[in-house]
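Here is a short briefing to read beside the model. Please keep the viewer open as you go through the topics.

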Amino acid sequence: MRRFFLLALALAALAAPASSLASPYVRYGIQDDAWLQYGPGTLESRVAQLDSLGVDVVRVTLNWRQIEARKGVESWQRSDDLLAALHRAGIAPLVTLYGTPAWANGGRAENWAPTSKWTFAGFARRAAKRYPYVRLWTIWNEPNQRRWLRPTSPSVYTQQLLNTAYAAIHAASPHSLVAGGVTAPRASTGGVSPVDWIAGMKKAHARLDAYAHNPYPLRPGETPTAGGCDHCTTITMATLPRLLTAVQHAFGTHTRIWLTEYGYQTNPPDRLLGVSPATAARYTAVAAQRAYEAPRVDILVHYLVRDEPDPARWQSGLFTTRGAAKPAAAAFKVPLAQMSRKGLRTRLWGQVRPGGRSPFRLQQFRGGSWHTVGAYATTVRGFFTRTVRAAAGARFRVFSPVAHTYSPIVTVT
């Protein structure tokens, strides 16, 4: 039943009328291709761990170059196993199509666009037909950066990749939703800013159901709500309204927003770009609240499940390289954040994942110990808001007996 519920939400989101209100359909996911395929234990145990975290969506990359290294000779076993395991667990796969085989782009690297758009369209059509239960698709990854797509051009991306894949997927799976863009938060050397990329896609007549973006912070001091560049053409979570405005201007109010990669690296182990584990947990919850409140935002994906072993790579996992839970793991499972405060009137927001109406206890730290303020129930999607009498400095947490988890502590500001 869970998978049918998720599909209904996806279709409802596409049909939802424009509104200045928050999207009631927002879902929270994970991406970690390497861990999902090669992590400890069995594939089934890893999927069960994702399910226990309350993951709604898992982003999975189908690398065309790996699947069809030789023209006409395809190997789907890896993706068959991964997607089938998610499907059995009732977790919605969000599939990204990426990577050009050498035979399709004149012998170049996988980040070079194919010489014929029809070859990529054929791959997209075969993928959609092979996995009829997949309803969420994104085309490429961060094509506005040179390391991910060459030529790094919104017109090349739109005409050679997005539009043909969009048509092919919808022909094979009419109820699917296809997102374009999947942009990085900044251009980097030789790239194009996401704001200019969106405008370029509009000029090239892009076809898409949703616009996908990876709103990573650009420096450790940037929070999910503050510290972004006000005058730049970058787009991070802190400047999310810039994305909403640009997408609405280019593609209309019916186009949904998917935030397909996001996370904060932690120190330790990343002493250059990381924030403390407690700060990363707080930002994880605040980002979830921001996505919940933003109009037209339907998906927020956390990257990664587990830190990568190489310290020079990503350390934004919910777990360390040895599998120890960071505070962000609890923040993902039971996020809690401050929505507002006016005098002593403080409003808190949170969720107990996975969804479903469930009990929770709101607790406040007073006199050296934790006291239960009240016992409540979430909505059917697991969300809740509570207004409490609290001044700056008051500390709250939530306990979920269903998830067997305490949320990270929120200190009222």
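Let's start with Tyr 292, which is partly exposed because its relative accessible area is 22% (buried means under 20% relative accessible area, exposed over 50%, partly exposed in between, with a 1.4 Å probe and protein chains only). The model is predicted, so local features need pLDDT of at least 70 and side-chain atom pairs count only at pLDDT 80 or more, while totals for chains, interfaces and linings use all residues. Residues are numbered from 1 along each chain as its sequence is written, and side-chain values use heavy atoms, with hydrogens and water left out.

**Aromatic rings**

- A search of the whole structure gives 23 aromatic pairs (rings of Phe, Tyr and Trp, the last by its six-membered ring, pair if their centres lie within 6.5 Å; planes under 30 degrees apart count as stacked, over 60 as edge-to-face and the rest as tilted).
- Tyr 131 and Tyr 133 make an edge-to-face pair, because their ring centres are 6.2 Å apart and their planes stand at 65°.
- Tyr 131 is buried at 2% relative accessible area, whereas Tyr 133 is partly exposed at 24%.
- Tyr 292 and Phe 383 form a tilted pair, 4.6 Å centre to centre with 50° between the planes.
- This pair links distant parts of the chain, 91 residues apart: Tyr 292 belongs to helix α10 (residues 277–293) and Phe 383 to strand β13 (residues 383–389). Helices (H or I, at least four residues) and strands (E, at least two) are DSSP runs, numbered from the N terminus.
- Phe 383 is buried, with 4% relative accessibility.
- Ring pairs also join a cluster made of Trp 64, Trp 76, Tyr 98, Trp 103, Phe 120, Phe 123, Tyr 131, Tyr 133, Trp 140 and Trp 148.

**Charges over rings**

- Arg 353 lies over the face of Phe 332, at 4.7 Å from the ring centre (a charge sits over a ring if NZ of Lys or CZ of Arg is within 6 Å of the ring centre and within 35 degrees of the ring normal).
- Arg 395 lies over the face of Phe 365, at 4.9 Å from the ring centre.

**Around Ile 198**

- Ile 198 sits in helix α8 (residues 194–203) and is buried at 1% relative accessibility.
- Leaving aside neighbours within four places in sequence, Ile 198 is in contact with Tyr 211, Ile 235, Leu 243, Ala 246, Val 247, Ala 250 and Phe 251 (contact means heavy atoms within 4.5 Å).

**Backbone points to check**

- Arg 150 and Pro 151 are joined by a cis peptide bond, with omega about -10°, and Pro 151 lies in the loop between β4 (136–139) and α7.
- Pro 268 and Pro 269 are also joined by a cis peptide bond, with omega about 10°, and Pro 269 lies in the loop between β7 (256–262) and α10.
- Val 182 is not a glycine, yet has a positive phi of about 50°. Val 182 is placed in strand β5 (residues 177–183) and is buried at 0% relative accessibility.
- His 205, again not a glycine, has a positive phi of about 65°. His 205 lies in the loop between α8 and β6 (210–213) and is exposed at 63% relative accessibility.
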